[in-house]
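Keep the structure open as you read.

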Amino acid sequence: VDGATTIVWNRGNGSSSIVQARTRPAGSGTFGAVVDLSAPGQIAFFPQVAVGVDGATTVVWQRGNGSNNIVQARTRPAGSDTFGAAVNLSAPGKNADYAQVAVGVDGATTVVWNRGYDRNYIVQASTRPAGSDTFGAAVDLAEPGEIAYDAQVAVGVDGATTIVWYRWNGSYYIIQARTRPAGSDTFGGAVNLSATGRDASGAQVAVGVDGATTIVWNRGYGRNTIVQARTRPAGSGTFGAVVNLSATGKDAFSPQVAVAIDGATTVVWILSNGVNSIIQARTSGTSYLPSNDFKIRSVKVSAKALTSTVVVPGRGALTQRVTRNSTAAAVLTGCKTSAKVTKAGTVKLTCKLSSATRAALRKRSLSVSMKTTFTPTGGLPASKTQAVTLKRKR
């Protein structure tokens, strides 16, 4: 808040590496001397830094202790030019890594990290309460028994703290979150944010001034990945529905989220266009893209038509086109249809076969390609293509 700037990094030190920092004091145009934060002799890396409203600065990193990696922290108190001693936050015996740190307006500081547990990983956190010089004992946030990884943390103005990660549920990776409400010492239960059926990872979290919390992540979609988000409105204990932010059909990944002081939420990600990668962004003030995640529940074939049962997430338009290859290698239209969708739910599409296709079916069975496209109102289209066999009708 006062304009002082602290930069941290890793630096080689013989056969190991150390964490260093430099600070430019408020009102100064010059950075001070380099400060070694981690002790020499072992590898220390992946430093992260967070600054409180009062200027107190906390740096965290992971460092080898001769057997495992442990998470360490050092803090420069408000008004001081000197960092305090390094503090071990994780217990030895298993690797702990990729620590993240966030500071509340009141100065309470929360650090999260991944730590080995038997043959898997769990997520742990430690908090230094407002006005205290000591971090509390590590708390397990993710259930043991499965891999939980890539923890991220954000603190609201009121002190409510939300931590997100991805976790293996036995079949897929899903995004989970836990929140410690303002004024509480205890985190609530884990909440599943992403749907099962496809892997989700790379979660990021941001909290607005009003307390609204937005979490974004990557999730598999067909052969690609898309960016999704869920928001817990200010004053609510429940996250809203999943929103697809990126278009389908191309890979979108590495989402980041930030909330402006006026509450506008911006999400940026990398989109692959098949040749290279164009950064994309969406801001809540321009409205997020409505979901285009539809499902084809069933397809029934008769002598005259295909009847598809399609589940859609909201208003929009459905189109369907069936094509086949002729003996001359030309692509012929077997049927096509469309329907206007007025609400979320199940829609039946009847695609009447052309006379030429019906005639061909009297001679032989046909392998056709059925392409179904849903375009949500105000959103981007999504298509699904599947092979269908039309059996010979005498």
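Q: Does tyrosine 173 count as buried, partly exposed or exposed?
A: This is a predicted model. Buried means under 20% relative accessible area, and exposed means over 50%. Tyrosine 173 has a relative accessibility of 23%, so the residue counts as partly exposed.

Q: What kind of pair do the rings of tyrosine 166 and tyrosine 173 form?
A: Their centres lie 5.3 Å apart, and their planes meet at 85°. Planes over 60 degrees apart count as edge-to-face. The pair of tyrosine 166 and tyrosine 173 is therefore edge-to-face.

Q: Is tyrosine 166 buried or exposed?
A: The cut-off for buried is under 20% relative accessible area. Tyrosine 166 has 19%, so this residue is buried.

Q: How many residues apart in sequence are the parts that tyrosine 98 and tyrosine 149 tie together?
A: These two tyrosines form an edge-to-face pair, 6.1 Å centre to centre, with 70° between the planes. Tyrosine 98 lies in strand 8, and tyrosine 149 lies in strand 12. The pair therefore ties together parts of the chain that are apart in sequence by 51 residues.

Q: Which side chain of opposite charge is nearest to arginine 232?
A: Arginine 232 belongs to strand 18 (residues 224-232). The residue is buried yet has no salt bridge. A salt bridge needs a distance within 4 Å. The nearest side chain of opposite charge is 8.1 Å away, and it is aspartate 158.

Q: With which side chain does the side chain of arginine 232 make a polar contact?
A: Contacts of arginine 232 beyond its neighbours within four places in sequence include Thr162, Thr179 and Phe239. The polar contact is at 2.8 Å, and the partner is threonine 179.

Definitions and conventions
Residues are numbered from 1 along each chain as its sequence is written. This is a predicted model: local features need pLDDT of at least 70, side-chain atom pairs count only at pLDDT 80 or more; totals for chains, interfaces and linings use all residues. Side-chain values use heavy atoms; hydrogens and water are left out. Rings of Phe, Tyr and Trp (its six-membered ring) pair if their centres lie within 6.5 Å; planes under 30 degrees apart count as stacked, over 60 as edge-to-face and the rest as tilted. Helices (H or I, at least four residues) and strands (E, at least two) are DSSP runs, numbered from the N terminus. Buried means under 20% relative accessible area, exposed over 50%, partly exposed in between (1.4 Å probe, protein chains only). Lys and Arg count as positive and Asp and Glu as negative; His and the chain ends are not counted. A polar contact is a pair of N or O atoms within 3.5 Å; within protein, one must be able to donate a hydrogen and the other to accept it, and residues adjacent in sequence count only if both atoms are side-chain atoms. Contact means heavy atoms within 4.5 Å.
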